[in-house]
Amino acid sequence: LWVLAAATLGYCSYAYASAAIHQRQQKAAFTVLASHHTKALTDASGPSVTPPPAPPTHGEILGILDIPRIGLSSIVEQGSDSHTLRDSVGHIPGTALPGQNGNAALAAHRDTYFRHLSELRPGDDIIFHSVSATYMYKVKSTSVVQPTDTAVLASTKEPTLTLVTCFP
C-alpha cells in the first residue's frame, strides 16, 4: 500500500507541476502574441481589409480566462481532449469563439481549473482576454445537467459563454 500511495502521490505531483509549467509557458507565449498584435495594429497605416480569421487549430492558444471571484486565471487552448484539459481550459470545437455571436463553450476538469466553479453566483464577472480584445461576461445562472444533455452547447444569437465541467 505504501508503494501505491507513493506512486499516486508522485503522479499527482507530476501532473500538477506539468500543468503549472505549461500554464507559465503559454502565458508567456500569449503575451508575445498580444504584443505583436498590438504592434501590428499600431504600425498599420491607412484603411485595410482583414479577412476573417481561420478556424483555430488544435492546441492553439485562444486567450486567458479570468474569473476573479474564484481566483481563476488560465490559458484557454483549442480542443477538449484529455491532453488539452490536463494542461489548460479547452475551447469545445464547433462552438463560437469567445467574443463572437453565439455560444462559446469552454471545458476543464473539476479537480483542476474548474474546481471552484460551483462557487460562481449570478452577477459574477468572467473575463476573456484574446490577443486583440477583452470580453466581459456576467454569470446569469448555473445548472447541473446530464452528460448526454448537449442543449447547453446550442448556438445562441448573442455572445454567450458556457463553462462545462463534470459534476460532482
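Is D125 buried, partly exposed or exposed? D125 is partly exposed, with a relative accessible area of 28%; on this scale, buried means under 20% relative accessible area, exposed over 50% and partly exposed in between (1.4 Å probe, protein chains only). The views below come from a predicted model, where local features need pLDDT of at least 70, side-chain atom pairs count only at pLDDT 80 or more, and totals for chains, interfaces and linings use all residues. Residues are numbered from 1 along each chain as its sequence is written, and side-chain values use heavy atoms, with hydrogens and water left out.

**View 1. D125 and K138 join in a salt bridge.** Here the N to O distance is 2.5 Å; a salt bridge is a side-chain nitrogen of Lys or Arg within 4 Å of a carboxyl oxygen of Asp or Glu. The two residues link distant parts of the chain, 13 residues apart, with D125 in strand β5 and K138 in strand β6 (residues 134-138). Strands (E, at least two residues) are DSSP runs, as are helices (H or I, at least four), and they are numbered from the N terminus. K138 has 54% relative accessibility and counts as exposed. The structure holds three salt bridges, and the next two views show R69 with D124 and R86 with D87.

**View 2. R69 reaches D124 across the chain.** In this salt bridge the closest N and O atoms are 3.4 Å apart. R69 sits in the loop between β1 (61-67) and β2 (72-78), while D124 lies in the loop between β4 (102-107) and β5 (125-129), 55 residues apart. R69 is partly exposed at 45% relative accessible area, whereas D124 is buried at 11%.

**View 3. R86 meets D87.** Take a look at the side chains: they form a salt bridge at 3.4 Å, N to O. D87 is buried, with 4% relative accessibility, and R86 is partly exposed, with 33%.

**View 4. Seven strands make an open sheet.** Their order is β6-β5-β1-β2-β3-β4-β7, and the pairing is mixed. Because β6 and β7 (159-164) stand at the edges with a single partner strand each, one side of each is left without a neighbour in the sheet. Neighbouring strands are turned by 25° against each other on average, direction ignored, with axes as lines fitted to C-alpha atoms.

**View 5. β4 and β7 run as a parallel pair.** Six bridges connect them; two strands pair if DSSP finds at least two bridges between them. Within this view, N103 stands opposite T160 in β7.

Technical notes
Axes fitted to C-alpha atoms, helices over the stretch in contact; angles between N-to-C directions.
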